[in-house]
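Trainee: Could you take me through this model, giving the general idea behind each feature before we turn to the case itself?

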Amino acid sequence: MSNIHDKELIRRMAEEAKRGRLSRREFMHYAVAAGLTASAATGMWSGVARAEPKRGGVFRWGIHDGNTSDTHDPGTYVTRQMIYLAHQIRSYLTMINPDNSLGPDLATEWSANPDATVWTFKLNERAVFHSGRKVTSADVIASLNHHRGDDSTSAAKALLTDVVDLQADGDHAVVITMARGNADLPWLMTDYHLAICPAMDNGKIDWKSADGCGPYKIEQGEIGLRWYLSRHDGWHGEGAYFDNVEMLILNDPNARQTALVTGDVDCVSLVELKTLALLKRSRDIEIDNVASGGAITMPMHCNVAPFDNVDVRNALKLCIDRQEIIDKIAFGAATMGNDFHLAPVQPYWPEDIPQRAYDPDQAKSLLKKAGMEGLSVSISTADSLFSGAVDMCVLYAEQAKKAGININVVREPNDGYYSDVWLKKPFCAVSWGSRPTPDVMFTLAYKSDAAWNESYWQNERFNELLLQAKAELDQERRADMYREMCLLMRDDGGTIIPFFNNFVYGRRSNVKHSGSLAASWECDGARAPSRWWFES
Amino acid sequence: MKDVLIIVLKRLGLGLITLFVISILIFGAVELLPGDIAEAVLGQGATEENVAAMRKQLGLDRPAPVRYLDWLSGAVVGDFGNSLVSGSNVSEVIAPRFANTLFLAAYAAVIAVPLAIILGVIVALLRNSVFDRVANVLTLTSISSPEFFLGYILILYLSVKTGYFPAIAKLSSDMSLLEVLHRTFLPALTMVLVVMAHMMRMTRAAIINLLASPYIEMARLKGTPAWKVIVKHALPNAWAPIINVVALNLAYLITGVVLVEVVFVYPGIGQLLVDAVTKRDFPVVQACCLVFAATFILLNLAADVGSILTNPRLRHPK
């Protein structure tokens, strides 16, 4: 550090970090590269770069997906409006931390028996609802029961099918008994449906009142338009620096962007990628580009010719130029996929699996081996899947020509794509939201008997490992199992994964955050109001 | 006067029949849409099991005619039912939104109607002059551009670049009227630009048409100034077509504002209708469409009554 140039570099990095342009990870990376020791860099990050949060202000937040007919029923949460609101007014047992690890929310600690079939969650005794009543085990049990039973209409029902019993252990502990061991149960509790609501005397939850034990409470609001929240002083967590939060539903991309540019809002949850470069020019606006676990997949039905031949599947995986697709379709706001459905920001991501590259020559030779030269296939897609869904397939078709493969792009109607095309057409494009752990994702869409096994892939070893890993509490052994499963998906599976899409959101430059941002939802896991602050 | 009353009553009766037919059409159209409310609410995460459970809870497992008659029996006594999604009363859901839409329409109409008629008179007076040409070209350009485009242009120049007006019409109950007028000025101005041309050109055409009549020539010959000829002699006889066009445009201000509402995030009834259609929330869709239909029927009726009242020959038939 005797070098003056280095000092200047560190100073500039600190400046960038203060403006929120450099994440903690990047800061550490560059600082160590510049010759600092890791511990010195850590000290510097917390001491120099990271400003102390300040309390106060009204955080005005423009949100991209809301509908007038949404409700407060956690079982039918589907739009961002309600999911984000739930993260302000309600609490969950656990939460995803800004560094994407699992942390406590309403539950302070949790533990399992050795085969992971009986879980005990201890509740925070300080937690109170906005109405002033203490949060007890009965509330948690009623809230989870809302997603169970024959008459439940909850979309989270499938998540809790293995739960056989819920018992209160005193006022502040809940014991969950599972039919099969599940080491991921604490992760599942972050699912946005599983919000804790006050229980009524009949054991049902009172969701209509919108009471909860989250950091903010509703002052006034109208579904599909606007919510005005104020800080809940009895909140059990840390943060909630803003006095008030105003959530505005801005479905129109242009309205969102204009509102951010003119300063009518302090943050918007989604920025149009096409105009990202222009928006970045403004000194008043900071863009957060955060890798997520949401994936674009292209499943091929492994039980249908020609996709029943593994060489054909791998040839189709080799003739896609992922980088070009990321540059041109996702405008750079994406993380490259490697044909296994686990993103770098998710737990158990195996970092040592080599990236599959664009290699039309090898694809050609694989096809030759399979006796399928000049292969011709059709891929189904629709505009509504994600921005650029049709363009992506057209670009892929062009790239595949170099391997002598003819891909015919079929544009399907937007309405009913998931009931008429997905799982029915042998090769199509699909968009997946992020799931908290590999077990949830793999069980949902890759297990041989899964209802949504979109590639109809049957791999005995994979299914065996999946069941073993589910109940394995030893982290290292578990990580090894997921690594092997990822390799099987990559080399034998029927799904092409071109990329994981990033969350791209914008804020006024006087809005600050810690530099690390949770990848579960946009805006720091939808918890920006309780984690971010205004620079005075 | 008695004849006018009879006409009004007759037209109201016909209007009711029209509304009934429309309600059947809307019900049929919602039924034809792929997917139903259970699938729409549960989204991509729906399983067959909970879709079935939700259908049962909402009574969607009954045949369509039964559900329609069920709704109709409530509607004829003024109960439009509850929203299937949120469970709240449809009238309660629609009333504040419709009030917002009426406010915006009134705001735009108060500016547009006098402006259009005055401009219409002036261009008739100065017909074929440069002023006439410019006014025509400008109003025709604005009517030919899509509303959302006009909205973006206004936002760009009056909001982003100069900051005179806010880009989004964020309303809350504690705002003063002046503040509300300021916040909603850009959407109102967009609407004004959209409806101006039609009314202005109709006024111009109606007046010019009359200027060839012998009685106008008579007025001129006796030395009446040109503006007086138009205002005193031509305009009273031109009211009928003008009133019709004004009524048509007022109806458009209420029913055609969806795009403007989206661009300026204005909480009106159009946005509500779009939301209800995506969720297949039939009672809300039905109620919104009936409100729109009733608006058209009533404004058309008002236009007819207006033309009768401004025409002495119709007012006192032999």
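Trainee: Where is the place of Pro306(A) in chain A?

Mentor: In this predicted model, Pro306(A) sits in the loop that runs between β13 and α9 (310–318) of chain A. The peptide bond joining Ala305(A) to Pro306(A) is cis, with omega about 0°.

Trainee: Which phi does Asn100(A) have, and where does Asn100(A) lie?

Mentor: Asn100(A) is not a glycine, and yet its phi is positive, at about 70°; the residue belongs to the loop between β2 (94–96) and β3 (102–104) of chain A. A positive phi is also found in the hairpin of β6(A) and β7(A), where four residues lie between the strands and Gly170(A) has a phi near 80°.

Trainee: What is the order of the open sheet of seven strands, and which are its edge strands?

Mentor: That sheet, also in chain A, has the order β8-β9-β10-β1-β11-β19-β12, and its pairing is mixed. Its edge strands are β8 (216–222) and β12 (285–290) of chain A, each of which pairs on one side only. At the β12 end, six bridges join β12(A) to β19 (residues 503–508) of chain A, the two running antiparallel, and Val290(A) has Phe503(A) as its bridge partner in β19(A). Helix α4 (residues 80–89) of chain A lies across β1 (58–63), β8, β9 (226–231) and β10 (244–249) of chain A, and it runs at about 145° to β8(A).

Trainee: How do I describe two packed helices, such as α11 and α14 of chain B?

Mentor: Two packed helices are described by the angle between their axes and by the distance between those axes. For α11 (residues 226–255) and α14 (residues 282–309) of chain B, the axes come within 9 Å and cross at roughly 165°, which means that α11(B) is roughly antiparallel to α14(B). The crossing is right-handed. Among the residues that make the contact are Ile243(B), Leu248(B) and Ile254(B) of α11(B), together with Phe292(B), Phe296(B) and Leu299(B) of α14(B); taken as a whole, the contact residues divide into eleven nonpolar, five polar and one charged.

Trainee: Which domains does the assignment give for chain B, and how many residues of domain 1 are in contact with domain 2?

Mentor: The domain assignment of chain B gives domain 1 as 2–76 and domain 2 as 90–315. Their centres, taken over C-alpha atoms, are separated by 31 Å, and 22 residues of domain 1 are in contact with 20 residues of domain 2.

Notes
Residues numbered from 1 in each chain as written. Chains lettered and ligands numbered in written order. Predicted model: local features only at pLDDT ≥ 70, side-chain atom pairs only at ≥ 80, totals over all residues. Heavy atoms only, no water. Axes fitted to C-alpha atoms, helices over the stretch in contact; angles between N-to-C directions. Parallel < 35°, antiparallel > 145°, perpendicular 65-115°, else oblique. Left-handed = near helix turned anticlockwise from the far one by under 90°. Contact = heavy atoms within 4.5 Å. Nonpolar A, V, L, I, M, F, W, Y, C, P; charged D, E, K, R; others polar. Domains from an automatic or database assignment. Pairing = 2+ DSSP bridges.
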